[in-house]
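Have a look at the model below.

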Amino acid sequence: MILSMENVSKIYNGKTVLDNVSLTIEDSDRVGLVGLNGCGKSTLLKIITGREEYESQPEPDIPRLAVTKSATIGYLEQNSGLDRQSEVMEEMRSVFSAQLEAQERLRELEKEMSRPEIHEDEGKFREISAEYDRLTAWFEGNDGYLIDVKIKTVLSGMGFGAEYYDRVISTLSGGEKTRLAMCKLLLESPSLLILDEPTNHLDFETIMWLEDYLQGYEGALLIVSHDRYFLDKLCTSICDIERTKLRRWKGNYSKFTELKAADLERRIKEYEAQQEEIAKLQDFVDRNIVRATTSAMAKSRVKKLESMEILEKPVTYEKKAKIRFEYDYEPPEEVLTVKDVCIAPGEKVLAENVSFTVRRGDKIGIVGANGTGKSTLLKIIQKKLPGGGGRIEWNKNIKIAYFDQESSLLDFNKRVIDEIHDRRPGFTEQQVRSLLGLVLLTGENVFKKVGVISGGERAKLSFAVMMLERGNVLIMDEPTNHLDIDAKEVLEEALDAYTGTVILVSHDRYLLKRVCGRIFEITPGSVEEFDGGFEGYLEKKKSRAEAAEAAKMAVKQEKEREEREEKKENTYRSKEQRAAAAQRRNRIKELERLIDELEKRMEVVSAEMISPEVTADFKLMNEKCAEYEELKRQSGELTDEWVELCEEE
């Protein structure tokens, strides 16, 4: 066990955020933490990591939070990042400072052992040799020889190529600093890795690499995410915070939604059955309590009512936003023509000769790695940025409603209510508040400045503006970035029901799968269209990758075949050589037999190591571990010999 929490509560300004929350995390758990924005997810993470204190409570609800002494916890806060004056590679190597110090000490010991005078002092030489052997074993056991391989693997997976290694961290962008913070955490490999919205602002390739990496992670995971694909792929249980309470469910996110719906249906039936029973009992009491002949029976029913544990009425309605995009007039069949446009923000050319057409009712998803020009393309087709040549033609009767991920179309100094009122001066305050109420901006929030409300609330305000504009073409840049899962589902339903044209940039795979029939992928230098929706896009990308790997393997095999043929042609097989070859083959067979025996013995020892008799006996456990390591060493040496002999054949 890594962590145990019982009866933990948190109150902010008199409002209970978490109420008697309990949670246990075991060594290999994969836990997803979900709930509406503001429900207390980040607060719970901060309590676990000691950044927030929980409330003290009297018996019997005394709170307790315990972390196993040997456990380490790594926490990536949402929108946090490294900010150092060190270089990228230097910072990553600092994770392995103990191994690097050991490596330096080994070099010193090697120099010591090479001195002639040391060999004359047998005691001193044995002392140095013993330290060298002990340190070498520790260094190898802690993957000292794999430090740079590990670092480069993680950096590459998270989008940092060799050109970043000597970059000073403080000069990187905010998104790059966040990704770098995640790199460092992954390399540190804490016992419990806590990630708060780790996929925000990651492109597809990076998200899928991170999913694969975390699937093989040896420690426990606690993940807050609104990415349902991500939760489905990684999590084996889901913790749901709802109305200050936490409840844990087995399975991934999709299974959780099924179980929660079934549980709600069951609780409704139980509640209704109890209410029906209460009504019958109460009716009997009311009719018979005053009659002498039936008074005793009525009193027994009163006792039954008094002893009954009344079930709380399940909440079956959770108020959701009501987003509905409508327009006043149909556009022509051909909406937009783009011909030979260049995506070139500033002097850097990202893609040339970009051409495509958009028809009425099209729903287009634009995908690609970060920095390839997705957002730039949206601005170019709206003529907010120059296109570097080519032709952009919008047909007549086109009205665009635009969602910008930076909310740049909103005035951060205005109040929320004024942002709408200034766009429609003829609206009454009631009409404005009704529109804002549709996106769940209510109460005092409507009088706050746009700059102080949350990112999710600003996104909802932008949706309200778009509903007001009644565009027959919606252009959206990462509309789900700050939304919780419920809000994402509402937006998906709205876009799915919308009969106009949609062009959107997104890395939300559920949104793309449900809404978009055409996918445009921007890669360095070009834009390619994929039919068949998002699933078709993924399938084609997968088949291409498999074909590329097969072609690469075929080239490798052909090269190896040619080398073997050339070797055969150039080799004169004398009597002695034939004898040596026969001897090699015999040795190869003998090595295969020995390796097989060692592997079987390793399996036996491995099974013994986890048996109760061995785990309970520290000395015996050490002996078994030593035996296993010796078998592993012997197997490695024999395998190396086998490989060398096979290559000579």
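Y145 counts as exposed, because its relative accessibility is 56%; the classes used here are buried for under 20% relative accessible area, exposed for over 50%, and partly exposed in between, with a 1.4 Å probe and protein chains only. This is a predicted model, in which local features need pLDDT of at least 70 and side-chain atom pairs count only at pLDDT 80 or more, while totals for chains, interfaces and linings use all residues. Residues are numbered from 1 along each chain as its sequence is written, and side-chain values use heavy atoms, with hydrogens and water left out.

**The patch and its loop**

Y145 sits in the loop between α5 and α6 (147–157). Helices here are DSSP runs of H or I with at least four residues, strands are runs of E with at least two, and both are numbered from the N terminus. Together with L146 and V149, Y145 makes up a nonpolar surface patch with about 310 Å² of accessible area. Patches take residues with over 30% relative accessible area and no salt bridge, joining like charges within 9 Å and nonpolar side chains (Val, Leu, Ile, Met, Phe, Trp, Tyr) within 5 Å. The areas come from the Shrake-Rupley method with a 1.4 Å probe, and for residues only the protein chains shown count as cover.

D143 is also in the loop between α5 and α6. Its phi is near 55°, a positive value in a residue other than glycine. D143 is partly exposed, with a relative accessible area of 30%.

**Charge pairs**

Side chains of opposite charge can pair when their charged atoms come close. How many salt bridges does a search of the whole structure find? The count is 61, where a salt bridge means a side-chain nitrogen of Lys or Arg within 4 Å of a carboxyl oxygen of Asp or Glu. Here are three of them:

| Pair | Closest N to O |
|---|---|
| R126 and E122 | 2.9 Å |
| D283 and R287 | 3.0 Å |

R126 and E122 both belong to helix α5 (residues 122–141), 4 residues apart, or about one turn of the helix. E122 is exposed, at 56% relative accessibility. The spacing is also 4 residues for D283 and R287, in helix α10 (residues 253–288), so about one helical turn separates them. D283 is partly exposed at 38%, and R287 is partly exposed at 46%.

R243 lies in the loop between β8 (237–242) and β9 (245–250), and its phi is near 50°, a positive value in a residue other than glycine. R243 has a relative accessible area of 42%, so it is partly exposed; E242 is partly exposed too, at 31%.

Salt bridges also link up into a network, made of R228, K488, E489, E492, D496, D508 and R514.

**Empty spaces**

Rolling a probe the size of a water molecule over the atoms shows where empty space is left. On a 1 Å grid over the protein atoms alone, a cavity is a set of points where a 1.4 Å probe fits but cannot get out, and a pocket is an open set with protein on both sides within 12 Å along at least five of seven lines; lining residues have an atom within 4 Å of a point. Grid points are joined across faces, edges and corners, and a volume is the space filled by probe spheres set on the points.

There is 1 cavity of 30 Å³ or more. The largest cavity has a volume of about 90 Å³. Its lining includes K488 and D508, both also found in the salt-bridge network.

**A cis bond**

Most residues other than glycine have a negative phi, and most peptide bonds are trans. E59 and P60, though, are joined by a cis peptide bond, with omega about 0°. P60 lies in the loop between α1 (41–48) and β4 (64–67).
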